[in-house]
Each structure stands twice: as C-alpha cells, then as structure tokens.
Amino acid sequence: MSPAEVEGRYANVREALVRDGLDAVIVSGSEYSTRRARGSATAPATGAGNGSASMGSTT
Amino acid sequence: MTVRDYQALAAGELELVPYDVEFDLARSVKSDKELASVRESVRINAEGFWIFLDAFAVGRSEAELLGPCEDYFVDEGCGRQTMDMVLVGENGEAEPEFRIASRDRRIREGDLVLPSLEIAGPGGHWVEVSRAIAAGGAAPGPEARRMLEAYEEYYEAARSALHPGASAHDVHRSVSNGFSDRGYELGHVTGHSIGMTMIEFPKIGEGVETELAANMVFSMHPHAISVDGHACLYMQDTWLVAENGGEPLAGLPMRIFDGAESRPDD
C-alpha cells in the first residue's frame, strides 16, 4: 500500500476527531479485523500494530 | 478492546468515550485503491461460490462442499479471514440457523442449501457473496419460491435506492417492502457497510438517517424467515453506491441455483 493511500485513510479519521473535539482514537482488533496476530500493542499514527493501534493525537 | 486494556486506560487520566459509529463513518467512503481491493475480494468470493456449486451433489457432506472453497480462498491470499457457514433444510426449505458445515450430514434430494460466504482478500476488505442452491426433488419449496419473488424485487429496488443522498432508512424501506408485503420477518439487518471489518456502520435499517455517499460499499442480505420460523432465504451481495445508483459487484444472477449452471465465461 502506498504511503499516500495510508495517509489518506488516516486523514479521514483525524478530520473526524478534530470535528468531534477528541485527541486520539484507539482501534482494538480481533481475529476478524486484523491480518496480524492478536495482541494489544499500540503503534504510532503512521505505523501498524498487532491487534490494536493508536491512531495518534490530532493536536 | 479487552477488559484488561480498558481498565488500565480508564484508571489513568484519559477520558474514554465510545467512537464506533463515527470511526466507521469516517472510513465508509472508499478510495480508488480501496475499491480495487473490494473488487478483488468480490472476485475471489464469487469464484468461491462457483467452486461450491461445482462440488454440489446429492450424497456429499456439507464440509466436502465448503472445503474446496476454503482451499481456494487461502490460495488467493485471504489467510484466515474467512467466515463461511451453511443454512440447510429438507423438503425444499432451509432452516434459518447458520451452522458450521458438517462432516457427517450429507446433501439429500430436496435439500435447500444456502452457503454463507464471507471473505477478505489480500487487500483486507471484507465482502459477502452467495446464492441458494436447490438439490432437486421438492426444492425449492413454496416458501422459498415466494421469498425469491421478494428477493427479485429487492434486487431491482436496490439498483435505484442505493444512490448518493438517500438515507439508510429509505433504502431499508425500499428493499424490504417485498418481504414485509408477503408477511415475512427479516431476521437480520437488510444490509450494512463493509470494509476492513466485516460489519460496519452505517447499517441499512429502520430509523438510520445516515446519508449515503458515492463509493460507499454495502453488504446486502435480507434474511427472510417464515411465520413458523422453519423456512428462510438468505443470499448475499456486495453493492457499490455509484453516482447513478447501486451496482452489485459480483454479477451473479439473482436466482436459486440448481447445480447445472456454469460460469458466465465458460
């Protein structure tokens, strides 16, 4: 996946966070929602986690 | 989120708020790259249905029908992102319970078999495509035939109803009319957004006023159930909201198959 595609998807979420006055979103995965092993690791906004990932701060 | 993680976060200084609906809505309109991924998933899913149909024969076990599909899905890069089940019944009518394909139960003449095929291809986008299959004899039964009429009406209604600017509520009403007019309960949502997770918001359902936009993708699968609760019809399609209306991405004809059909390009 290209960096531009990844950034575009993240940008859509960040725009929603700004609109709703939130600082960050935590995405929790499961065996149905992630291609990676289950877990509870977090990752920076441009990275990828295991089972759940923080999308990073909007501020 | 696990209870363990939630408790640890909630005990700190963060204020945690639910954001499921808003998060899904933020990613409900797909980019061109995402749509390419969706179309590839649909191609794999639809081929899986044809493989199920190729294997379909009286005397074979349910697992023997679904096994070749799973082989194909893994070969095509789905990994373990598949959720495939069957709904089966005798005398031409399928029971409304989703079941794991049995290694012991064998297809009998008169069975109505509804494979439920849900996969995510290499790009990670989930899709859902399937059709009912009749095993000769009494199948499809009178209830299934009547439900198919409603399905045909839903399929045509969705082409015009799934347009940018329509509300999810209005789409639900349009596609469910044929079922409710015939007295059938819909035991499952008529549809839902689908993407990197299998079931996302917005749902296509009563009272959902979310406005549809171009390049949203929906899985539609009205689950019609008879009044006595012992007959159903359940067929899945993945739809694109295009500028001029709904586009069913798999291109499978809306019908109950009998095993004699072949792929369109054969």
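Predicted model: local features only at pLDDT ≥ 70, side-chain atom pairs only at ≥ 80, totals over all residues.
1. Residues are numbered from 1 along each chain as its sequence is written, chains are lettered from A in the order in which they are written, and side-chain values use heavy atoms, without hydrogens and water.

2. Let us start with the interface. Contact (heavy atoms within 4.5 Å) links 21 residues of chain A with 27 residues of chain B. Together the two chains bury about 1800 Å², with 56% of it on carbon and sulfur atoms; buried area is the accessible area (1.4 Å probe) that two parts lose on being put together, summed over both.

3. The rule finds 1 salt bridge across this interface, a side-chain nitrogen of Lys or Arg within 4 Å of a carboxyl oxygen of Asp or Glu. Arg9(A) pairs with Glu34(B) in a salt bridge, and their closest N and O atoms are 3.7 Å apart.

4. Now turn to Thr190(B), in the loop between strand S6 (185-186) and strand S7 (191-193) of chain B; strands are DSSP runs (E, at least two residues), numbered from the N terminus. Thr190(B) counts as buried because its relative accessibility is 1%, where buried means under 20% relative accessible area (1.4 Å probe, protein chains only).

5. Which residues does Thr190(B) contact, leaving aside its neighbours within four places in sequence? Among them are His172(B), Val175(B), Ile204(B) and Pro222(B).

Definitions and conventions. Helix = DSSP H or I, 4+ residues; strand = E, 2+ residues; numbered from the N terminus. Buried < 20%, exposed > 50% of the residue type's maximum accessible area, 1.4 Å probe, protein only.
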